[in-house]
Amino acid sequence: MKPHALSLMLLLAFPALAADPGEEVELSSATVTALSCAQQAVGTGKLDLLTSCPMEETQKGLVVVDVAEMQIYRLAAKRVRLSDLERAFGGGSIDFTGVVKSVDKKDGIPLVEVSEFRITPKPKPGAFKGCL
C-alpha cells in the first residue's frame with residue numbers, strides 16, 4: 001500500500017488524529033481549492049489537482065490544503081469571507097493562524113476559526129516578467 005493511501009485511510013478512520021478542537025493551526029502558503037479536488041489530491045498524491053480544479057466544483061465549498069501535511073481545513077466564515085478565498089482559488093494561496101473549533105464527524109475535516117490571514121491572489125496571465 002502506498003504511504004499517501006495509508007495516510008488517507010488513517011485520516012478517515014481516525015479523524016481526531018488530524019486535528020483536535022482547541023488546537024492552534026498556523027499555515028503559510030496553503031492552497032485554496034474545492035473540497036472534491038482536495039480530497040482527490042490527498043487520496044492520490046496528485047497535487048496538480050489542487051490548482052487545476054474546475055470552477056464549478058467550488059459550489060460544493062472551498063477548503064484550504066496544507067500540502068506539507070496533506071491536511072484539509074475548512075475556514076469559518078466569521079472572519080474569512082468566501083470572496084477572500086475565491087481570490088486565491090486556482091493558483092494563489094493563504095497564510096493564516098487560527099484555532100480548530102470542531103471536526104466534522106462525516107469526513108474528519110477540521111473547521112478553523114481564523115484570527116489572522118493574508119491572501120496571495122492567483123497571478124494574472126502574463127504577469128511573470130522575470131529574466132529569460
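# Reading the labels on a predicted model

Mentor: Start with helix α4 (residues 82-88), where Asp84 and Arg87 both lie, three residues apart, or about one turn of the helix. The model is a predicted one.

Trainee: What makes the contact between Asp84 and Arg87 a salt bridge?

Mentor: The closest N and O atoms of Asp84 and Arg87 are 4.0 Å apart. The cut-off is a Lys or Arg side-chain nitrogen within 4 Å of an Asp or Glu carboxyl oxygen, so the pair qualifies. As for the spacing, residues three or four places apart in an α-helix point the same way because there are 3.6 residues a turn.

Trainee: Why is Arg87 called partly exposed?

Mentor: Its relative accessible area is 42%.

Trainee: Which residue meets Arg81 in a salt bridge?

Mentor: Asp84 again, with N to O at 3.7 Å. That is within 4 Å, so the label holds.

Trainee: Are Arg81 and Asp84 buried or exposed?

Mentor: One of each. Arg81 has 53% relative accessibility, over the 50% limit, so it is exposed. Asp84 has 8%, under the 20% limit, so it is buried.

Trainee: How many salt bridges does a search of the whole structure find?

Mentor: The search finds seven. Another of them joins the side chains of Arg74 and Asp104, at 3.8 Å from N to O. This pair links distant parts of the chain: Arg74 is in strand β3, and Asp104 is in the loop between β4 and β5 (110-120), 30 residues apart.

Trainee: Why do Arg74 and Asp104 count as partly exposed?

Mentor: Arg74 has a relative accessible area of 23%, and Asp104 stands at 28%.

Trainee: What makes Tyr73 and Phe96 an edge-to-face pair?

Mentor: By the ring rule, the count comes to one aromatic pair. In it, the centres of Tyr73 and Phe96 are 6.5 Å apart, with 80° between the planes. The distance has to be within 6.5 Å and the angle over 60 degrees, so the pair is edge-to-face.

Trainee: Where in the chain do Tyr73 and Phe96 lie?

Mentor: Tyr73 is in strand β3 (residues 71-75) and Phe96 in strand β4 (residues 93-103), 23 residues apart, so by the strand assignment the pair links distant parts of the chain. Both residues count as buried, because the 7% of Tyr73 and the 2% of Phe96 are under 20%.

Trainee: How do you know that Cys37 and Cys53 are joined by a disulfide?

Mentor: Their S to S distance is 2.0 Å. The cut-off is 2.5 Å, so the pair is a disulfide. A search of the whole structure finds one disulfide. It links distant parts of the chain: Cys37 is in helix α2 (residues 35-44), and Cys53 is in the loop between α3 (48-51) and β2 (62-66), 16 residues apart.

Trainee: Why is the disulfide of Cys37 and Cys53 given a hand?

Mentor: The torsion about its S-S bond is about 75°, so the disulfide is right-handed.

Trainee: What makes Cys37 buried?

Mentor: Its relative accessible area is 7%, which is under 20%, so Cys37 is buried. Leaving aside neighbours within four places in sequence, Cys37 is in contact with Leu49, Leu50, Cys53, Pro54 and Glu57. Other buried residues of α2 include Leu35, Ala38 and Ala41. Just after α2, Gly45 takes a positive phi of about 85°.

Trainee: Why is Thr31 called buried?

Mentor: Thr31, in strand β1 (residues 24-34), has a relative accessible area of 12%, under the 20% limit, so it is buried. Not counting residues up to four places away in sequence, Thr31 touches Leu50, Val63, Val64, Val65 and Val67.

Trainee: What is the pLDDT of the protein?

Mentor: The average is 86, and 81% of the residues score at least 70. Over residues 10-17 the pLDDT is below 50, and beyond near neighbours in sequence this stretch has seven contacts in the model.

Methods: Residues numbered from 1 in each chain as written. Heavy atoms only, no water. Phe/Tyr/Trp six-rings, centres within 6.5 Å; stacked < 30°, edge-to-face > 60°. Helix = DSSP H or I, 4+ residues; strand = E, 2+ residues; numbered from the N terminus. Buried < 20%, exposed > 50% of the residue type's maximum accessible area, 1.4 Å probe, protein only. pLDDT = per-residue confidence, 0-100. Contact = heavy atoms within 4.5 Å.
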